[in-house]
Amino acid sequence: MAPRTPPSPVGLHSPSPAPDAFLALVNSARAAAGSPPVSPDPRLTSAAQAHASAMAAARSLGVQGADGISVYQRLTATGYAYVTVGEHLVSGPRTPAEFVDYCLRTAQPRRTLGDPAFTHAGLAHAFDGRTGDTYWTALWARPLTPGDLSRTASEVVDLTNRERTRHGLPPLAVDPFLTTAAQAHSADMIARAFYSHTSPDGSRPWDRAAAAGSRRRSIGENIACGQRSPAEVVEGWMNSPGHRANILKPDFTHIGIGFAGGGSSGTYWTQLFGA
């Protein structure tokens with residue numbers, strides 16, 4: 001009798017697909033969409049490999065693996081800080097060409113692949129030997145620089161003030177103390193894994209503003225997570241009655257913006273208002 005073949009391991013990852021072949025396909029599609037090319041980054045590839053392996057081991061697609069770690073946390077753990085990020089989590093394709101073809105078939109995956117904001121990409125896959133399924137993770141990102149952070153905050157302020165002007169209200173001025181407090185809160189929500197106006201130590205928005213040096217008599221705060229751009233986050237706030245009320249409150253005169261990438265949701269935003 002022939003010896004029995006041992007079962008294949010679950011979550012076995014093969015070598016990452018050749019980046020040149022993958023990027024040639026991607027950058028051809030991006031050029032057709034009028035977007036600049038992306039380049040490979042080993043940190044994105046490493047995070048993609050870890051997440052693809054986690055999905056294969058769990059036999060489930062998802063932003064968060066069975067180990068409780070999100071694909072964004074895997075990326076920031078490599079030391080890559082980003083100002084914007086995107087991901088494709090897919091099972092089924094057998095080759096990079098099939099993967100890219102799959103992503104180009106529907107609107108949202110196609111928008112991510114062709115997003116002009118991204119400058120780097122990484123692709124990896126893992127094979128589940130028991131089911132024969134292949135799990136893919138592609139990561140797209142733009143690295144965070146001090147200039148990017150400043151521009152992102154300025155865009156949120158500009159979009160906020162456009163909404164106020166549209167409703168006959170004066171624009172808000174940027175306040176450095178509110179900015180410091182807002183930025184610290186966005187970073188803290190990632191560092192201590194919470195999403196709330198109340199920090200784990202019990203501090204509230206006015207406490208954080210005062211600790212940063214603000215002497216404003218009235219404080220308001222909007223937070224959000226998961227939005228990938230200033231336009232998306234301001235639109236979300238304006239579509240929410242409570243957040244909209246803060247943006248359009250006549251008494252507010254000043255604003256500070258915070259942004260940080262990472263955590264379970266990928267992006268964390270804070271608007272801090274003062275009067």
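Is Glu 163 buried or exposed? With a relative accessibility of 17%, Glu 163 counts as buried, where buried means under 20% relative accessible area, exposed means over 50%, and partly exposed lies in between, as computed with a 1.4 Å probe on protein chains only. The structure described here is a predicted model, in which local features need pLDDT of at least 70 and side-chain atom pairs count only at pLDDT 80 or more, whereas totals for chains, interfaces and linings use all residues. Residues are numbered from 1 along each chain as its sequence is written, and side-chain values use heavy atoms, with hydrogens and water left out.

Glu 163 forms a salt bridge with Arg 166, the closest N and O atoms being 2.9 Å apart; a salt bridge is taken as a side-chain nitrogen of Lys or Arg within 4 Å of a carboxyl oxygen of Asp or Glu. Because Glu 163 and Arg 166 are three residues apart in helix H6, about one helical turn separates them. Arg 166, in turn, is exposed, with a relative accessible area of 56%. Helices (H or I, at least four residues) and strands (E, at least two) are DSSP runs, numbered from the N terminus.

Helix H6 (residues 146–166) also meets helix H9 (residues 230–238), their axes coming within 9 Å and crossing at roughly 40 degrees; such axes are lines fitted to C-alpha atoms, for helices over the stretch in contact, and angles run from 0 to 180 degrees between N-to-C directions. The crossing of H6 and H9 is right-handed, a term used if the near helix is turned clockwise from the far one by less than a right angle. On the H6 side, the contact (heavy atoms within 4.5 Å) is made by residues including Val 156, Leu 159, Thr 160 and Glu 163, and on the H9 side by residues including Val 233, Val 234, Trp 237 and Met 238. The residues of this contact divide into eight nonpolar, two polar and two charged, with Ala, Val, Leu, Ile, Met, Phe, Trp, Tyr, Cys and Pro counted as nonpolar, Asp, Glu, Lys and Arg as charged, and the others, Gly among them, as polar.

Ile 247 is buried, with a relative accessible area of 0%. Although Ile 247 and Arg 164 are 83 residues apart in sequence, their C-alpha atoms are 7.1 Å apart in space.

Four strands form an open sheet of mixed pairing in the order S6-S8-S9-S7, two strands being paired if DSSP finds at least two bridges between them. Strand S6 (173–174) and strand S7 (219–225) stand at the edges with a single partner strand each, so one side of each is left without a neighbour in the sheet. S6 pairs with strand S8 (residues 254–262) in the parallel sense over two bridges, and Ala 173 has His 254 of S8 as its bridge partner. Helix H7 (residues 176–191) packs on the sheet, touching S6, S7, S8 and strand S9 (266–274), and its direction makes about 25 degrees with that of S8. H9, by comparison, lies across S7 and S9 and runs at about 60 degrees to S9.

A search of the whole structure finds 13 salt bridges. One of them joins Asp 175 to Arg 216, with the closest N and O atoms 2.9 Å apart, and this pair links distant parts of the chain, Asp 175 being in the loop between S6 and H7 and Arg 216, 41 residues apart from it, in the loop between helix H8 (205–211) and S7. Asp 175 is buried, with a relative accessible area of 4%, whereas Arg 216 counts as partly exposed at 30% relative accessibility. A further salt bridge is formed by Asp 41 and Arg 43, while Arg 142, Asp 148 and Arg 151 are linked in a network of salt bridges.

Backbone geometry was also examined. Arg 59, found in the loop between helix H2 (42–58) and helix H3 (71–77), has a positive phi of about 55 degrees although it is not a glycine. Ala 193, in the loop between H7 and H8, likewise has a positive phi, near 55 degrees, and counts as exposed at 68% relative accessibility.
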